[in-house]
Amino acid sequence: MRAPWRHRHLLDVDGLGREELTDILALARDMAAARAAGTAAGPLSGRIVATVFAEASTRTRISFEIAAHALGAETVTMEAASSSLSKGESLIDTMRTLHALGVSIVVVRHPRSGAPYLAAQHFDGHVINAGDGWHAHPTQALLDLYTLTDHLGPDRVAGAKLAIVGDVFHSRVARSNLWSLTTMGVDVWLTGPAEFLTGFGDLARAWAGAGDRRLTVTDSLHEALRGSAAVMALRVQRERLTGSAPTESAYAGVWSLTEERLAASCPDAIVMHPGPVNEGVELPPDVVAGPRSVISEQVANGVPVRMAVLALVAGTDA
Ligand code: CP
């Protein structure tokens with residue numbers, strides 16, 4: 001039995017407990033089954049969903065649009081460069097404008113951390129965060145959890161070891177995943193060049209002293225990979241790098257998840273990546289396209305997961 005959904009917006013996964021995360025995955029599985037059978041209902045019929053993207057996206061925006069259509073909604077797309085945001089209109093004015101046009105759900109991606117929170121304060125409907133700066137990417141974390149659960153089975157998620165490798169510091173995907181994975185009892189290990197792990201050792205120490213979240217930070221790729229059931233590679237985010245950072249070839253020489261490294265440390269691990277992948281940097285092409293890779297499944301799972309999120313937030317004013 002699902003507990004009543006109580007969140008008007010989805011801004012991050014940090015406020016979701018294990019039961020709520022499990023309920024979202026269960027609803028997403030129902031959505032996937034209904035979609036495959038051609039029996040998906042139209043709970044968003046008559047609603048307008050706006051995707052407001054002030055930063056580039058392929059997977060997130062398109063899967064939100066497919067998900068909204070599958071639920072019977074109309075969709076409109078607003079890209080910053082071709083909207084009045086480029087003429088100086090504020091995000092607050094944009095929210096008021098979209099409400100006046102009858103939009104009931106806004107999906108926001110923005111380069112500034114916190115922008116969807118501001119939007120939520122000024123929008124008389126529902127806001128879903130599609131990625132804000134370095135801060136959060138909640139639906140990516142949910143689809144990652146869905147994919148992990150598919151592969152391990154629901155009873156093997158708690159206690160499983162998962163390594164996150166690479167540019168954690170600039171990654172909203174990693175920050176949201178840290179909340180949802182540790183809430184579900186996953187034993188999370190972070191590794192990468194020291195400048196990509198800044199502050200996360202402090203977080204691991206803080207969590208070790210309070211509660212039961214399991215987080216380890218190490219500078220050893222082998223230690224992080226050893227015995228992992230899943231490995232999540234992160235994109236080196238060139239567009240966000242400001243100070244010193246390894247060159248692509250220097251990074252790949254130490255941190256690229258080659259088949260040899262994976263086979264030596266975690267022979268049965270699946271390989272995840274939120275995309276887009278810098279092939280040859282964080283992952284070689286043979287691993288991206290190889291049997292361990294679940295990257296295409298992650299992309300596909302974005303649709304039912306986003307269907308579930310859209311239906312849940314919209315249901316809070318039913
Ligand atoms: N993973 C992800 O957010 O991809 P896009 O930037 O293509 O949406």
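Pro276 falls in the loop that runs between β9 (270–272) and α11 (285–288); helices (H or I, at least four residues) and strands (E, at least two) are DSSP runs, numbered from the N terminus. The peptide bond leading from Gly275 into Pro276 is cis, with omega near -5°. For background, most peptide bonds are trans. The model is a predicted one, so to speak of local features takes a pLDDT of at least 70, side-chain atom pairs count only at pLDDT 80 or more, and totals for chains, interfaces and linings use all residues. Residues are numbered from 1 along each chain as its sequence is written, and side-chain values use heavy atoms, with hydrogens and water left out.

Gly275 also turns up around the ligand, together with Ser57, Thr58, Arg59, Thr60, Arg109, His137, Gln140 and Pro274 (a residue is near a molecule if one of its heavy atoms lies within 4 Å of it). By class, this shell has one nonpolar, six polar and two charged residues; here Ala, Val, Leu, Ile, Met, Phe, Trp, Tyr, Cys and Pro count as nonpolar, Asp, Glu, Lys and Arg as charged, and the others, Gly among them, as polar. As for polar contacts (pairs of N or O atoms within 3.5 Å; within protein, one must be able to donate a hydrogen and the other to accept it, and residues adjacent in sequence count only if both atoms are side-chain atoms), a polar side-chain atom of Arg59 sits 2.6 Å from a ligand oxygen. The side chain of His137 puts an N or O atom 2.8 Å from an oxygen atom of the ligand, while Pro274 uses a backbone N or O atom, 2.8 Å from a ligand nitrogen. On its own the ligand has 260 Å² of accessible area, and the protein covers 91% of that (Shrake-Rupley method, 1.4 Å probe; for residues, only the protein chains shown count as cover).

The ligand sits in the largest pocket, meaning that more than half of its atoms lie within 2 Å of the grid points. Pockets and cavities come from a 1 Å grid over the protein atoms alone: a cavity is a set of points where a 1.4 Å probe fits but cannot get out, a pocket is an open set with protein on both sides within 12 Å along at least five of seven lines, and lining residues have an atom within 4 Å of a point. The largest pocket has a volume of about 380 Å³, the space filled by probe spheres set on points joined across faces, edges and corners. Among its 22 lining residues, Arg109, Arg172, Arg235, Gly275 and Pro276 are the closest to the centre. Both α2 (59–70) and α6 (172–183) supply at least two residues of this lining, which splits into five nonpolar, ten polar and seven charged.

The second largest pocket comes in at about 200 Å³. Helix α1 (residues 18–37) gives the most to its lining, five residues, and the lining holds six nonpolar, two polar and three charged residues. The largest cavity, of about 60 Å³, is lined by Arg2, Ala3, Pro4, Trp5, Glu20, Asp23, Ile24 and Leu312. Here too α1 has the largest share, three residues.
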